[in-house]
Amino acid sequence: MLGLFKHSKRNLLAVSLALGVVAGAGVAHAKDWPSRPITVIVPYPAGGGADIGARTWGGLLEKELGVPVNVINRGGGAAIPGHTAIAKAKPDGYTIGVVTNDISLYKPQGLAELTYADMRPLGQATQIASAVNVIKDAPYNTLQDLVDDIKAKPGQLKATGAAPGVNWHISFLGLMLDLGIDPDTVIWVPTQGGTAGHLDVASGNSTFSTASMAEAAALLESDKLKALAVMTPERLPRFPNTPTLKEAAGSNWTYSVLHGIAGPKNLPDDIAKKLTAALGKVIQSEEFGKAMDARGIDVMWRDDEEWKALLANDLKSTSDILAKVKK
């Protein structure tokens, strides 16, 4: 029995030492991070706002951390495959990705169970504000003019900017509900994104768009469209003469497509904090700000906790809106 006890004791000691080595290796790994290239997954095709932002801050992050930062696009499938790849990546700090508030659309519509809670939010980088735009010679000089016409002509006016249930359509639904208008009294014209929606309005096919102000910029500057209001708490610096919804019609509704960064849910705290600190530094830099301003994209840095809270609020707001229009 004594020999068996001694043998068991030696086994326990060996196991304890092995666990100590593993734990020590984990600590050393976190301490030495980063020591190899970092991959940034963008759940959208190249050339869009999320991609442009990631390639810009990714280049700056590369200089900040001293290792290569490689941006890869995983577009398609309403961005579900790309967002899922971020959530399921190995939690070692070497795979992170761009997360947008499109992730709030999945669960409420039964598209996927994935939400922000399946990831480790690291910080918000940018946002692209929604706005209400009409053709240049439209008989509306203010948003209130348009609102009055919608109420006077139920089922006759057309709105556009995205496919049903997608970001700019949510911006439309939220606006209508906040104004006390049944969204079904306006015909929604599906388009493949905000640019296509703005062009549809500029050609006279639809009455108004509720899509990206940045994507409308070229048509506004060439006098093809006129902006009636932006869906932000304050006026945009690039469009100082365009009122907010609050100013234009007393609406408290705001909507922007939000671009941020996240990693897998079990990303170690020390690595996550290092990433948030580095991202905050490059995203708040003058170089990043100038690059985004040239594209009409608003820089909006929020740290990990603020970004997490914003995504939680966005999921609740989106869920409430979709629940109301289903009734």
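These legends walk through several close-up views of a predicted model. Local features need pLDDT of at least 70 and side-chain atom pairs count only at pLDDT 80 or more, while totals for chains, interfaces and linings use all residues. Residues are numbered from 1 along each chain as its sequence is written, and side-chain values use heavy atoms, with hydrogens and water left out.

**View 1. Trp33 and Tyr94 form a tilted aromatic pair.**
The structure holds five aromatic pairs, and this is one of them. Rings of Phe, Tyr and Trp (its six-membered ring) pair if their centres lie within 6.5 Å; planes under 30 degrees apart count as stacked, over 60 as edge-to-face and the rest as tilted. Here the ring centres are 6.5 Å apart and the planes stand at 55°, so the pair of Trp33 and Tyr94 is tilted. The two residues are 61 residues apart and link distant parts of the chain: Trp33 sits in the loop between helix 1 (2-32) and strand 1 (38-42), and Tyr94 in the loop between helix 3 (80-87) and strand 3 (95-100). Helices (H or I, at least four residues) and strands (E, at least two) are DSSP runs, numbered from the N terminus. Trp33 is buried at a relative accessible area of 4%, and Tyr94 is buried at 3%. Buried means under 20% relative accessible area, exposed over 50% and partly exposed in between (1.4 Å probe, protein chains only). Look also for Arg36, which lies over the face of Tyr94 at 3.8 Å from the ring centre. A charge sits over a ring if NZ of Lys or CZ of Arg is within 6 Å of the ring centre and within 35 degrees of the ring normal.

**View 2. Phe172 and Phe208 pair between helix 5 and strand 8.**
This aromatic pair is tilted, with 6.3 Å from centre to centre and 45° between the planes. Phe172 belongs to helix 5 (residues 167-178) and Phe208 to strand 8 (residues 208-209), 36 residues apart, so to speak a link between distant parts of the chain. Both Phe172 and Phe208 are buried. Elsewhere, ring pairs link Trp168, Trp253 and Tyr255 into a cluster.

**View 3. Five strands make an open sheet in the order 7-6-8-5-9.**
The pairing in this sheet is mixed; two strands pair if DSSP finds at least two bridges between them. Strand 7 (187-189) and strand 9 stand at the edges with a single partner strand each, so one side of each has no neighbour in the sheet. Strand 6 (residues 158-160) pairs with strand 8 in the parallel sense over two bridges, and Thr160 stands opposite Ser209 in strand 8. Helix 5 packs on the sheet, touching strand 5, strand 6, strand 7 and strand 8, and its direction makes about 165° with that of strand 7. Helix 6 (residues 194-202) packs on the sheet too, touching strand 5, strand 6, strand 7, strand 8 and strand 9; its direction makes about 35° with that of strand 5. Contact means heavy atoms within 4.5 Å. Axes are lines fitted to C-alpha atoms, for helices over the stretch in contact, and angles run from 0 to 180 degrees between N-to-C directions.

**View 4. Strand 5 is largely enclosed by the rest of the structure.**
Four of the five residues of strand 5 (residues 131-135) are buried. Strand 5 runs antiparallel to strand 9 (residues 225-230), paired over five bridges, with Val230 as the bridge partner of Ala131. Two bridges join strand 5 to strand 8, again antiparallel, and here Val134 has Phe208 as its bridge partner.

**View 5. Helix 5 crosses helix 11.**
The axes of helix 5 and helix 11 (residues 304-326) come within 10 Å and cross at roughly 70°. The two helices are therefore roughly perpendicular to each other. Angles under 35 degrees count as roughly parallel, over 145 as roughly antiparallel, 65 to 115 as roughly perpendicular and the rest as oblique. Ile170, Leu173, Gly174 and Leu177 in helix 5 meet Thr318, Ile321, Leu322, Lys324 and Val325 in helix 11.

**View 6. Six strands form an open sheet in the order 2-1-3-10-4-11.**
Pairing is mixed in this sheet, and its edge strands, strand 2 (69-73) and strand 11 (298-302), each pair on one side only. The twist averages 25° from one strand to the next.
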